[in-house]
Amino acid sequence: MQKQAGVEGGSRGTEPWFSDCEEEELKTVRGSDDEGDGPIIGLDGCFLKGMYRGQLLAAIGRDPNDNIYPIAFAYVEVEKYDSWEWFLRLLLRDIGSQDERRWTFISDRQKGLLDAVSELAPGAEHRFCFRHMYNNFKGKFKGQELKKLFWKAASTYSVNQHLRLMKEIETKYPEKGAEQTPYQWLAEIAPNHWARCYFPTKIKCDVLVNNMNESFNHIILEARELPIIDMFEWIRKKLMTRIQTKKEGMKKYDGVVCPNIIKKVETQRRESRNCFPSWAGEDKFEVMHFMQNHVVYLKDKFCSCGMFQLVGFPCCHAIALIDYQRKNLDDFVEDCFKKDVYLRVYSHMVHHVPGMHDFQDANKGKGGSPNVTIKVGRPKKARRRDANDNPNLKRQNTRNAQNSKNENATEFMSQTEGSSQTNVPQQTPTRRPIKKPQQVRKPSPVPVPAPVQIPPAPASVQISPAPAPVLVTPAPPTPVLVNSSSQSTTSQLPPKVPRKQHNPVSLSRKLDKRKKQVEAVPAAGGFKRQC
């Protein structure tokens, strides 16, 4: 099995590719150091689209601003148990084993990946991507109503609500003979893998889908067409620029909590307008929200709806209580979402590397080239769509879509306040086709008229004296009668236009022609209108 150096670090051998400082910074990505909890890590692979076929395995985390945080990636021939076992063994060696840090993984239900995780990280929380899980579910059970019940059962924060929805699925879709029912299919999978209400509250993350790897695969879409070494160099430069751009953007941010978390909190604040708290005594409060009562403990950061203790920031019931007591909302947000933790995560850097012309020969021989499998037909560049994708979205060209934008500069700058665009690299201007100048027709010459001869003036002109001025006395104004009802004078009315008179000869001809048309219609058919 051919593997490329994406995790091992090339000539470093068994030496970890993370420094001690970077390892501590990785532990702060969506986790608490005091409780010994590791971050959530998404595992997935994507196909290469160039001449060298294969797959790129990636481990992606989430930073305090709810953005992706690439951790490791490696090239393998195919996604199977041996590939995932090799990748996870080196990954856990560098970032810490499951005994040291209780990691949380999210991935699809690929059989080789499930076996590798259960072997190398026993007891780890392993979430299944809801989208991939539903694609397997709808292969046997179809229907929009069943889809809504499945989604509600997976996304609710309340255990009681989850049990009621599962009972409804069992009732509406009973057993028919030996066929498997939707309830039996879901009951075979432990709810802590796919139901949000059963997720542990120590990891402040409630994601149900593995969008972290999907976003990373979209960022490197252009690099997946390149040769293997060039692909790794492209990704390294992208990450090197991305880390520094995000760090400088957050330094200009004035808030305490990261901007994306503030957006989520403001969404809950708008919903808190429908919540009405009541004090029960000490630190116990009861909040009514649309005829439903919820119990809130602010000191313990607990709400009976289940959201407050799972996501790490207050829900709408807790925000209504915080505003009622006039307390600072930032004090009830977990530290893993704060600005200082974000800067600590991005305090390192991906070091620059000289070109291949400065490389030295290691005298270790040439590395084996990967197997090249050339299939018949034109290679497919676009992603294969499934039934859940929006059919109205247009496909984008791989090269044009990536060259027309720069994610390194725009991804974070659009989410932070007061960030200047001086450090943002300029976009590459696209060449436009040169249009040929159109030939303008010259106007035809306008004929010049002949000059007009003016007769000469007479020799002498006798001017008679001006007459004496005559004084004219104006006549008195004539009284005008005003109609009180219309409030308009008769003198202001417009003159009447005479009505057009018809020629009696042409009018008689039209009547005769109409009479002949009526007589031509048979009596049984009645009168038929002629258009």
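This is a short chat about a predicted model of one protein chain.

User: What does the secondary structure of the chain come to?

Analyst: The model is predicted, and its chain has 16 helices and 11 strands.

User: And how much of the chain counts as buried?

Analyst: Of its 531 residues, 39% count as buried.

User: What share of the contacts with a separation of 6 or more comes from residues 24 or more positions apart?

Analyst: Those residues account for 64% of such contacts.

User: Cysteines next. How many disulfides does the structure hold?

Analyst: It holds 0 disulfides.

User: Are Cys303 and Cys315 buried or exposed?

Analyst: Cys303 is buried, at 0% relative accessibility. Cys315 is buried as well, at 1%.

User: Where is Cys46?

Analyst: Cys46 sits in strand 1, which covers residues 37-47. Its relative accessibility is 4%, so Cys46 counts as buried.

User: What does Cys46 touch, leaving aside its neighbours within four places in sequence?

Analyst: Cys46 is in contact with Gly54, Gln55 and Leu56, and also with Asn217, Ile220 and Arg224. Ala58 is 12 residues from Cys46 along the chain, and the C-alpha atoms of the two are separated by 8.4 Å.

User: Which helix holds Glu214?

Analyst: Glu214 is in helix 8, residues 211-219. At 32% relative accessibility, Glu214 counts as partly exposed.

User: And its contacts, leaving aside neighbours within four places in sequence?

Analyst: Glu214 is in contact with Asp44 and His132.

User: Switching to helix 5. What span does it reach from its first C-alpha to its last?

Analyst: Helix 5 runs over residues 144-155, which is 12 residues, and reaches 16 Å. That is close to the 16 Å expected at 1.5 Å a residue.

User: Which residues of helix 5 are buried?

Analyst: They are Leu146, Leu149, Phe150, Ala153, Ala154 and Ser155.

User: What do the buried residues of helix 5 pack against?

Analyst: They pack against three helices: helix 4 (130-137), helix 6 (159-172) and helix 7 (182-187).

User: At what angle do helix 10 and helix 12 pack?

Analyst: Helix 10 (residues 259-271) and helix 12 (residues 316-324) pack at about 75 degrees, and their axes are 8 Å apart. That angle makes helix 10 roughly perpendicular to helix 12.

User: Which residues meet there?

Analyst: From helix 10, Val265, Gln268, Arg269 and Glu271 meet Cys316, Ile319 and Asp323 of helix 12. By class, this contact has 3 nonpolar, 1 polar and 3 charged residues.

User: What about Ser272, where does it lie?

Analyst: Ser272 lies in the loop between helix 10 and strand 6 (275-281). Leaving aside its neighbours within four places in sequence, Ser272 is in contact with Cys316, Ile319 and Ala320.

User: Is Ser272 buried or exposed?

Analyst: Ser272 is buried, with a relative accessibility of 9%.

User: Last topic, backbone angles. What is phi of Asp66?

Analyst: Phi of Asp66 is near 65 degrees, a positive value in a residue other than glycine. Most residues other than glycine have a negative phi.

User: Where is Asp66, then?

Analyst: Asp66 is in the loop between strand 2 (55-62) and strand 3 (68-76). Asp66 is buried, with a relative accessible area of 16%.

User: And what is phi of Phe290?

Analyst: Phi of Phe290 is near 55 degrees, which is positive, and Phe290 is a residue other than glycine. Phe290 lies in the loop between strand 7 (284-289) and strand 8 (292-297).

User: Is Phe290 buried or exposed?

Analyst: Phe290 is exposed, at 56% relative accessibility.

Methods: Residues numbered from 1 in each chain as written. Predicted model: local features only at pLDDT ≥ 70, side-chain atom pairs only at ≥ 80, totals over all residues. Heavy atoms only, no water. Disulfide = S-S within 2.5 Å. Buried < 20%, exposed > 50% of the residue type's maximum accessible area, 1.4 Å probe, protein only. Helix = DSSP H or I, 4+ residues; strand = E, 2+ residues; numbered from the N terminus. Expected span 1.5 Å × (residues − 1). Contact = heavy atoms within 4.5 Å. Axes fitted to C-alpha atoms, helices over the stretch in contact; angles between N-to-C directions. Parallel < 35°, antiparallel > 145°, perpendicular 65-115°, else oblique. Nonpolar A, V, L, I, M, F, W, Y, C, P; charged D, E, K, R; others polar.
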